[in-house]
Amino acid sequence: MQIIARGNDVFDAIVVGSGCTGGWAAKKLTEAGMKVALLEAGSKVTPRDFTEHVEPYQLKYRGHSPRIAERRPIQSKVYACRESNYHWFVDDIENPYTTPDDKPFYWIRMRVLGGRSLSWGRQSYRMSDLDFKAASHDGYGEDWPICYADLRPYYEEVERYVGISGQAEGLPQLPDSVFLPPMEMTCGERVLRDAVKKKMGRTVTIGRVAVLTRPHNGRAACHYCGPCEQGCITYSYFASLFTTIKDALATGRLTLLTDAVVSHLVVDKATGKAAGVAYIERKTRAAREVRAKVVVLCASTLESTRILLNSAPGGLANSSGTLGHYLMDHIYRGGATGELAMLKAHPWYGPPRRPNGIYIPRFRNVDRAMTNGFIRGYGYQGWSRPEFAFDAPGFGAGFKRAVREKSRWVIGLGLWAECLARWENYVEIDPDRMDAWGIPVLRIHMNWSDNELRLYEDGRQQAAEMLEAAGAKNIQLYGDEPSVPGFCIHEVGTARMSADPKKGVVNGFCQAHDVKNLFITDGACWVSIACQNPTLTMMAITARASDYIIDRYRKREL
Amino acid sequence: MLKGALLGFGAWKKGVSQVQVKGRLAPGPGGHQPPRPLGWKPRLFDEHQARTVESLTDRIIPSSETPGAQEAGVAEYIDLILNDGPPGPRNRFLEGLGWLDGLALRNYRAPFVRCAANEQNALLRQIQDSPFFRQIKDLTVQGYYTSKAGIDELNRDGVPDTYACPHEKH
Ligand SMILES: Cc1cc2nc3c(=O)[nH]c(=O)nc-3n(C[C@H](O)[C@H](O)[C@H](O)COP(=O)(O)OP(=O)(O)OC[C@H]3O[C@@H](n4cnc5c(N)ncnc54)[C@H](O)[C@@H]3O)c2cc1C
Ligand code: SF4
């Protein structure tokens, strides 16, 4: 039997996870006067750990370390897991999960103060009622119990704080944010934008990104050094540790417990309410407990669901039987590339590097339910820039010259498509495996349905057509095989919202139907995934849930 | 041609090993002076292999207005990457070096490092479609263009003030 050390304090609230969502819960609750314990499985990070200005030749393997994959065979597949920051990503050997052999799933996790906000891609897009009410639009699945109007003030609150640079376009399917000035397009991108608008009536816009284009809320404007995944000493992109968590700490009401791996919730047998959480100290492996009147899970989609599944036989807050089900991710890694021969290329290496690309909002099934046998849609992220010809043939002086002289202006578009919520895509506890802290791990079952594959194929073809419209040469489709599920790192679902307690785990305020002082505000509560990058919406949902918690807590209704 | 050369691999291993030893100990081109010191300490390669990789990388990216791969220390980088990396690529690379020396010995009676510049170029042209050439070229490009010298070579024309690059300039 484990000896559990129990702290004497009873907090007003516990927040599990310090990433994009946990940071918001901690900030909002502490600023409203609540005493909060924030439990984070990873370690502290300071600006001294940031390496965005390190040149390749200052690194032992110059950015090509063959060692990362030894302990991180999954994490090392991600572009952002690099020689100078790989230790922010989980050690796959210590943190296993299982899948059926024919259903691989790449689960990308960061265990560090700030979570994945430290290395995320920063692309930030609102969703609309085309997404929240998708089932009403085309008959598939469930509507969300909330609508765009519910979330709109929270989008605004989050955006005003975070700082999203972008260009207003007035599109109903992709509502404009409160924007900082947009970043500039390259000439290749302008060629594409103008041609696609004129010939196909589609909008190409600059990426909407959580990077400051002017000083904002005490943080400096971006200086375009480029590798944001490695940190930012000027705090110019949004990461929770130097924004929301900093604010929460400044209230004096936040107790930050790092290296605290939550294993399960502690439930009060008499009331059925959450009494606190049990955790393992990562370094000492001591088992401990913290108590609070409210528990908010922000450990990221699948970690939050894992905690719930490990908290009671059959899962806590699972009277609906839906806990673990309806897992989603975007299907991606396909599109088209080409060359813009009309532009003379003068590439260079290093800054200025714009930490952003271009975006093409969804155009499929906006005004109708179905196209070519598929429902829903996709958006694109793209880029156009001059590139060196490192692939020039031969060797010697001729090759060295060709690298520069045969450089060309390249253009590419990659699609991000919606994935339907399906019961068959689910997670459960694997009874035979534990992680390094003795916590049972997930077994993940997920594959793509025909609808995703059709969207994917259509998206690749349309990418080629748009490049063609822009006059590109040497157009090539890429991504014959789509991404392995999970690899888009947009995993959502598995503890979904529902108005009807029989159909989901939480209500529209992320409050568990069965346990009224338990909230799940990260991506686990999602009903459908839309095609936009999800994190801005996750933060808005968390901010809204936090206001609800504050209100009900004051009224002693939790 | 490549296929024939590959078939000759075993023959070289058995028959020519004395030549290899002799070649390794023999003074460099130009005769009597002792070979210049390597200047770095290989982890994986022996000295002969290290010198072979130095000259190979320098044939692939020679010095011009800017330093070439040898001066940029690319061989040392390749030694490190292969030594610390998985065994598959490492073994393929070491075998490839031996195979190349076999070709050089057959064609010019000297291992690759002892061949004259034009002979080395002819050898590389001969193996251009081989997996070994791909591997050494990829590693050389990776090592050179991540070195200070390589980055300076890329940015010889200067770096713009803005990534946006207005149309008027083209
Ligand atoms: C390379 C990369 C690029 C991305 N690009 C984008 C993008 O462009 N746009 C976008 O919208 N999204 C992007 N994402 C996804 C985005 O990072 C996530 O959606 C977002 O971080 C989710 O926030 P979260 O708070 O739910 O989880 P996270 O940010 O992952 O934070 C969860 C935290 O909980 C902690 N935790 C987990 N389990 C436990 C436990 N048992 N006990 C205690 N603590 C625990 C973790 O250590 C972590 O710190 C990207 C992600 C990556 C990795
Ligand atoms: S590109 Fe901008 S946001 Fe990214 S690390 Fe550099 S300064 Fe920070």
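A:Val295 stands opposite A:Leu518, a residue of strand 19 of chain A. The model described here is a predicted one. Strand 9 and strand 19 of chain A pair in the parallel sense, and 3 bridges join them.

Strand 9 of chain A also pairs with strand 8 (residues 274–281), but here the two strands run antiparallel and are joined by 5 bridges. Within this pairing, A:Val277 has A:Val290 of strand 9 as its bridge partner. Strands 8 and 9 of chain A form a hairpin with 5 residues between the strands, and A:Arg285 in this hairpin takes a positive phi near 65 degrees.

## An open sheet of 6 strands

In chain A, 6 strands form an open sheet with antiparallel pairing, in the order 5-11-14-15-10-18. Strand 5 (205–206) and strand 18 of chain A are the edge strands, each pairing on one side only.

Inside this order, strand 10 (residues 331–339) and strand 15 (residues 408–417) of chain A are joined by 7 bridges in the antiparallel sense. A:Tyr332 stands opposite A:Trp416 of strand 15 of chain A. In a regular strand, side chains alternate between the two faces of the sheet.

## Helices lying across the strands

Helix 6 (residues 187–200) of chain A lies across strand 11 (358–360), strand 14 (378–387) and strand 15, and runs at about 55 degrees to strand 15 of chain A. Helix 10 (residues 450–469) of chain A lies across strands 10, 11, 14, 15 and 18, running at about 15 degrees to strand 10 of chain A.

## The loop residue A:Val484

A:Val484 belongs to the loop between strand 18 (473–478) and strand 19 (518–520) of chain A. Leaving aside neighbours within four places in sequence, A:Val484 is in contact with A:Pro104, A:Phe105, A:Tyr106 and A:Trp448. The C-alpha atom of A:Val484 is separated by 7.9 Å from that of A:Ile331, 153 residues apart along the chain.

## Helix 1 against helix 11

Helix 1 (residues 20–31) and helix 11 (residues 535–554) of chain A pack with their axes 9 Å apart, at an angle of about 30 degrees. Angles under 35 degrees count as roughly parallel, and these two helices of chain A are therefore roughly parallel to each other. The crossing of helix 1 and helix 11 of chain A is right-handed.

Among the residues that meet are A:Trp24 and A:Leu29 in helix 1 of chain A, and A:Met538 and A:Ile549 in helix 11 of chain A. The residues of this contact divide into 9 nonpolar, 4 polar and 2 charged.

Terms used. Residues are numbered from 1 along each chain as its sequence is written. Chains are lettered from A and ligands numbered from 1 in the order in which they are written. This is a predicted model: local features need pLDDT of at least 70, side-chain atom pairs count only at pLDDT 80 or more; totals for chains, interfaces and linings use all residues. Side-chain values use heavy atoms; hydrogens and water are left out. Helices (H or I, at least four residues) and strands (E, at least two) are DSSP runs, numbered from the N terminus. Contact means heavy atoms within 4.5 Å. Two strands pair if DSSP finds at least two bridges between them. Axes are lines fitted to C-alpha atoms, for helices over the stretch in contact, and angles run from 0 to 180 degrees between N-to-C directions. Angles under 35 degrees count as roughly parallel, over 145 as roughly antiparallel, 65 to 115 as roughly perpendicular and the rest as oblique. A crossing is left-handed if the near helix is turned anticlockwise from the far one by less than a right angle, and right-handed if clockwise. Ala, Val, Leu, Ile, Met, Phe, Trp, Tyr, Cys and Pro count as nonpolar, Asp, Glu, Lys and Arg as charged, and the others, Gly among them, as polar.
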